[in-house]
Amino acid sequence: MYKNEIGLSIETDVNNKNIQSILNIIKEDKGCISYIHEFKTEYGKELIHLEAENLSDIEKTVSKINSLEFVSNVEVHDTMDKIFGKRVIIFGGGSQVTQVAIGAISEADRHNIRGERISIDTIPIVGEEELYNAILAFQRLPRAGVLVLAGSLMGGKITEAVKQVKENTDLPIISLNMFGSVVNHVDLVVSDPVQAGVLAVMTIASTAKFDISRINKKVI
């Protein structure tokens, strides 16, 4: 009934020990947890979302979790990767973020109708410290595929954050053509914000024949 890679949303009573009991069941059934997120709901329950791989018997595992006395509901679904796919993350000033998003959403739609899964996340952020923290957090985001920096001036701590991400990961970063030192440390600088959004999607789409590492001209 279920595929060997699944997502589970488990509603429980609020108790810090609940999650350990669930993890023990996953371990007993030889499963590997690839993602977990736990939070309290507005109606006094706890919701645990987890994704597991390589379970020996998925239906048996779900039945065991459902039988725990503190569990009130278990929903089985595909993983977030299968539902939402790779993510384009856009940070920066409001109007420029909007223009990048127009290009990204239009291009993502073209690939998604051919079986790709790409989603677009946008958040207008201003301020050096705020962007510094957001860029560092980008490398920790699940399913993040590419970052686009949309603004008129970025340097200082923002550049330091970009350098750290590039040192720690191979995640591509695209920037609009702007003042400041950040343009010297990203993978690609694009003058047109709509085109920046299009290229961001093409960078991570498996249905596109585009390799950002092969672009000889860094500024377009």
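Me: What should I know about the model and numbering first?
Reply: The model is predicted, with local features needing pLDDT of at least 70, side-chain atom pairs counting only at pLDDT 80 or more, and totals for chains, interfaces and linings using all residues. Residues are numbered from 1 along each chain as its sequence is written, and side-chain values use heavy atoms, with hydrogens and water left out.

Me: How do the axes of α1 and α2 cross?
Reply: The axes of α1 (residues 18-28) and α2 (residues 58-67) come within 10 Å and cross at roughly 160°. That makes α1 roughly antiparallel to α2 (angles over 145 degrees count as such).

Me: Which residues meet there?
Reply: From α1, Ile22, Ile25, Ile26 and Glu28 meet Thr61, Lys64 and Ile65 of α2 (contact means heavy atoms within 4.5 Å). The residues of this contact divide into four nonpolar, one polar and two charged.

Me: Switching to threonine 12. Where is it, and is it buried or exposed?
Reply: Threonine 12 is in strand β1 (residues 5-12). At 0% relative accessibility, threonine 12 counts as buried (under 20% relative accessible area, 1.4 Å probe, protein chains only).

Me: What does threonine 12 touch?
Reply: Not counting residues up to four places away in sequence, threonine 12 touches Asn18, Ile22, Lys45, Glu46, Ile48, Phe70, Val71 and Ser72.

Me: And α4, what do its buried residues pack against?
Reply: The buried residues of α4 pack against β5 (86-92), β6 (118-124), β7 (144-150), β8 (173-176) and α7 (193-204). Among the buried ones are Val97, Gly103 and His111.

Key. Buried < 20%, exposed > 50% of the residue type's maximum accessible area, 1.4 Å probe, protein only. Helix = DSSP H or I, 4+ residues; strand = E, 2+ residues; numbered from the N terminus. Axes fitted to C-alpha atoms, helices over the stretch in contact; angles between N-to-C directions. Parallel < 35°, antiparallel > 145°, perpendicular 65-115°, else oblique. Nonpolar A, V, L, I, M, F, W, Y, C, P; charged D, E, K, R; others polar.
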